[in-house]
Amino acid sequence: PGPEAAARAIVRAIERDRPLVPVTAGAWGAYALSRLSPAAMRRLARLGGDDPFRLVERIGGRFLRE
């Protein structure tokens, strides 16, 4: 999604008083994984290197696209 989609998601989150706004499929996947298994999320985040959530986002995005 582009900046317009992110802006719409942010405005919607503000209207609904939500503190967290995942926008991309990968972000939703990472969010779902962190809710289902925080330990698995931490383990994957440690494997991510410089950007620990990139790996989690890639993996989460794959599950949501299938």
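**View 1. The largest pocket has a volume of about 300 Å³.** A pocket is an open set of points on a 1 Å grid over the protein atoms alone where a 1.4 Å probe fits, with protein on both sides within 12 Å along at least five of seven lines; lining residues have an atom within 4 Å of a point. The volume is the space filled by probe spheres set on the points, which are joined across faces, edges and corners. This is a predicted model, in which local features need pLDDT of at least 70 and side-chain atom pairs count only at pLDDT 80 or more, while totals for chains, interfaces and linings use all residues. Residues are numbered from 1 along each chain as its sequence is written, and side-chain values use heavy atoms, with hydrogens and water left out. The lining of the largest pocket has 14 residues, and Arg18, Leu20, Val21, Pro22 and Trp28 are the ones nearest its centre. At least two lining residues come from each of helix 1 (3-15) and helix 2 (25-36). Helix 1 gives the largest share of this lining, with 5 residues. By type, the lining holds 10 nonpolar residues, 4 charged and no polar (nonpolar: Ala, Val, Leu, Ile, Met, Phe, Trp, Tyr, Cys, Pro; charged: Asp, Glu, Lys, Arg; polar: the others, Gly among them).

View 2. Along the sequence the pattern reads α-α-α-α. The protein chain has 66 residues, and 21% of them count as buried (buried, under 20% relative accessible area; exposed, over 50%; partly exposed, in between; 1.4 Å probe, protein chains only). Of the contacts (heavy atoms within 4.5 Å) between residues at least 6 apart in sequence, 35% join residues at least 24 apart.

View 3. Asp17 lies in the loop between helix 1 and helix 2. Its phi is about 55 degrees, although Asp17 is not a glycine. Asp17 is exposed, at 69% relative accessibility.

**View 4. Thr24 belongs to the loop between helix 1 and helix 2.** The relative accessible area of Thr24 is 28%, so this residue is partly exposed. Thr24 and Ala6 are separated by 18 residues in sequence, and their C-alpha atoms are 8.6 Å apart.

**View 5. Helix 2 has buried residues at Gly26, Ala27, Gly29 and Ala30.** Seen down the axis of helix 2, these buried residues fall within an arc of 160 degrees, so they line one face of the helix (the arc is that of the directions from the helix axis to the C-beta atoms). Arg35 and Leu36 are exposed, on the face of helix 2 turned away from its buried side. From first to last C-alpha, the 12 residues of helix 2 reach 16 Å, close to the 16 Å expected at 1.5 Å a residue.

**View 6. Helix 3 has Met41, Leu44 and Ala45 as buried residues.** Down the axis of helix 3 they fall within an arc of 105 degrees and therefore line one face of the helix. The face turned away from this buried side carries Arg43, Arg46 and Leu47, which are exposed. Helix 3 covers residues 38-47 and includes Ala45, whose relative accessible area is 15%. The C-alpha atoms of Ala45 and Ala30 are 9.7 Å apart, with the two residues 15 apart along the chain.

Note on methods: Helices (H or I, at least four residues) and strands (E, at least two) are DSSP runs, numbered from the N terminus. The expected span of a helix is 1.5 Å times one less than its number of residues.
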